[in-house]
Amino acid sequence: MALLVGNSSLRYGSLPQLNTFPNDKGNGLACAPTAVANALPALNIDELLADPLSPTSWQSLYDTRNDLGSNYFYTSGNWAHAAAINGSPQYQVAEGSPSALVLKGTIDYIAKRKAESDLNTPITVNALGLTLVPAIEQNFAGFNVEAVVNGKTVQTPSFYDYQDYFTAINPGETRGILDYLILSLARGPVVFGGFYPSGGGHALLATSIEVDDNNANGILEKGEGRIFIIDPLNPSTAYSPAIGGEITGGIEGFNTVRNTGNPNILSGDIWQDEDGFLKVEYSQSSLIPIPTANSFILGTDFGDSSNGALSSSPLPITVNVALAMAINTSGLSEDFDKQLGAQANATPGLLDFGFLRQDPDTADAVLSGYIYSNESSAYTNEFLYYECLDQDGTIRSIDPLTGQNIAIRPGESGYSAAAWALAQELTGPSGPAKIDRRESADKETLTTFSIDIGQLRTAYLAPIALTSAGDRWVPFSAGNADGKQHFQSTGAL
């Protein structure tokens with residue numbers, strides 16, 4: 001049974017890119033600023049758009065897109081030329097907007113809008129990058145590249161200056177991608193910046209994902225995922241003038257085509273390939289200007305017309321995602337998942353709330369959300385959390401002989417039974433945490449939780465499973481009867 005995460009019915013924009021920011025071939029390069037402009041209405045903060053009084057109107061989205069492209073993303077065909085003179089192939093960058101600059105530009109644009117509107121609403125931007133310099137030879141994400149755009153020298157950001165926003169996954173590494181997409185799409189839109197295998201680049205707006213990780217390995221393999229997207233090439237269900245209608249105003253007239261319908265939600269396959277890329281494959285259609293006829297058509301047998309890579313190759317097309325950028329209003333820091341899951345490599349599933357307890361802004365906060373888990377056992381399991389005194393798994397218990405509080409460590413007698421008793425207490429009506437008791441039929445699940453940070457006795461929560469065979473498994477192998485590890489973490493969170 002597949003798990004659907006995200007919401008395709010949020011208030012997304014449906015602005016088409018058409019001929020905006022054309023290169024010398026007359027092809028629009030505006031996919032990245034268009035995708036971000038169409039994502040911003042989903043946050044329900046109208047002040048982030050050019051016209052807050054009509055935030056999803058064509059004019060508001062159009063002006064927002066142009067501001068992003070001109071002043072923040074520096075959208076231009078010159079980036080491909082800059083890549084060549086900077087030592088290609090190490091600096092392969094497509095025309096349009098380098099993914100790294102989209103990340104920086106979105107952060108800067110939102111910060112300026114918040115300052116101008118005196119907004120206090122928390123807005124978080126973070127990204128997952130699937131390629132990284134110097135770990136690989138090619139810089140598809142576009143960090144540390146310089147170009148001259150409209151006479152101005154523009155430097156894309158340094159990766160090292162944006163590590164707080166950016167989680168890198170190198171080629172061949174796959175764990176963590178599925179976690180990131182589930183976490184991000186549960187909270188809001190995600191913008192994909194990617195490359196075609198044959199060259200050129202494109203940006204897509206992802207709204208939700210459907211996952212069926214049937215082998216429970218935490219890796220999104222071919223056939224296990226469907227992604228729902230809005231493509232700037234054909235983002236609306238209707239336009240004015242209608243497709244095939246007459247365009248006035250010469251070549252600039254193509255930029256006045258208005259979206260008059262609901263967002264056009266497409267679906268495609270999504271998977272993690274062995275080359276390290278997250279891949280999106282879907283049937284792409286493109287609004288294609290026909291200047292000689294003062295009209296435009298919907299091309300269904302061509303590739304992307306936005307980057308000069310028109311092709312008669314058969315559909316569907318594949319995009320290699322170099323950057324997945326999440327935008328949401330959760331209020332959590334950009335590296336929240338890294339901090340909470342800091343111990344996951346040593347102890348799978350162990351959550352460390354120490355940084356929240358120490359922060360005066362969050363020490364008394366209630367954190368709520370979902371725990372994503374999946375199983376591949378032959379049993380039906382109950383799945384809960386218990387509280388540890390330290391990262392080594394030490395727990396408190398009552399000595400049955402003396403009635404005194406004692407500490408029990410993994411490997412000592414009675415550990416798993418005492419841990420299970422603590423799990424019942426933790427999730428009880430008076431406990432600091434409320435985690436739905438999860439009974440598994442060996443499928444992936446989002447389990448709701450609510451944790452009062454101020455009521456936690458310590459900083460650590462650890463998972464525990466009670467199987468239908470009567471075994472209790474904890475994430476500390478020494479605490480299990482067979483001495484083996486029965487949990488694995490697929491990412492920081």
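Phe383 and Phe487 are both buried, where buried means under 20% relative accessible area, exposed over 50% and partly exposed in between, with a 1.4 Å probe and protein chains only. The model is predicted, so local features need pLDDT of at least 70 and side-chain atom pairs count only at pLDDT 80 or more, while totals for chains, interfaces and linings use all residues. Residues are numbered from 1 along each chain as its sequence is written, and side-chain values use heavy atoms, with hydrogens and water left out.

Aromatic pairs were assigned to rings of Phe, Tyr and Trp (its six-membered ring) whose centres lie within 6.5 Å; planes under 30 degrees apart count as stacked, over 60 as edge-to-face and the rest as tilted. By this rule the count comes to nine aromatic pairs. The ring centres of Tyr162 and Tyr165 are 5.5 Å apart and the planes stand at 35°, so this pair is tilted. Tyr162 is buried, with a relative accessible area of 11%, and Tyr165 is partly exposed at 22%. Phe383 and Phe487 form a tilted pair as well, with 6.3 Å from centre to centre and 45° between the planes. Because Phe383 lies in strand E18 (residues 381–388) and Phe487 in the segment after strand E25 (472–473), the pair ties together parts that are 104 residues apart in sequence. Helices (H or I, at least four residues) and strands (E, at least two) are DSSP runs numbered from the N terminus. Ring pairs also link Phe143, Phe159 and Tyr160 into a cluster.

The chain contains eight helices and 25 strands, and buried residues make up 54% of its 493 residues. Among contacts (heavy atoms within 4.5 Å) between residues at least 6 apart in sequence, 70% join residues at least 24 apart.

Nine of the nine residues of helix H1 are buried, so H1 is largely enclosed by the rest of the structure. The buried residues of H1, including Cys31, Pro33 and Asn38, pack against H2, H4, strand E6 (190–195), strand E7 (201–211) and strand E15 (317–328). Helix H2 (residues 58–71) has 14 residues and reaches 20 Å from its first C-alpha to its last, close to the 20 Å expected when 1.5 Å is multiplied by one less than the number of residues. Trp58, Ser60, Leu61, Tyr62, Thr64, Arg65, Leu68 and Gly69 are buried in H2. Their cover includes helix H1 (31–39), helix H4 (99–117) and strand E10 (258–259).

Strands of a sheet pair through backbone hydrogen bonds, either parallel or antiparallel. Pairing was assigned where DSSP finds at least two bridges between two strands. Three strands form an open, antiparallel sheet in the order E17-E23-E21. Strand E17 (366–373) and strand E21 (433–435) stand at the edges with a single partner strand each, so one side of each is left without a neighbour in the sheet. Neighbouring strands of this sheet are turned by 20° against each other on average, direction ignored; axes are lines fitted to C-alpha atoms, for helices over the stretch in contact, and angles run from 0 to 180 degrees between N-to-C directions. E21 is joined to strand E23 (residues 445–452) by three bridges, and Ile435 stands opposite Phe449 in E23.

Strand E13 (residues 286–290) and strand E14 (residues 295–299) pair in the antiparallel sense over five bridges. Leu287 has Leu298 in E14 as its bridge partner. The two strands, E13 and E14, form a hairpin with four residues between them, and Asn294 in the turn has a positive phi of about 50°.

Two single residues were also examined. Asn126, in strand E2 (residues 124–129), is buried, with a relative accessible area of 6%. Leaving aside neighbours within four places in sequence, the contacts of Asn126 include Tyr165, Tyr180, Arg187, Met325 and Glu334. Ser468 lies in the loop between strand E24 (460–467) and E25 and is exposed, with a relative accessible area of 52%. Beyond its neighbours within four places in sequence, Ser468 is in contact with Tyr379, Thr380 and Asn381. The C-alpha atoms of Ser468 and Glu382 are separated by 8.1 Å, the two residues being 86 residues apart along the chain.
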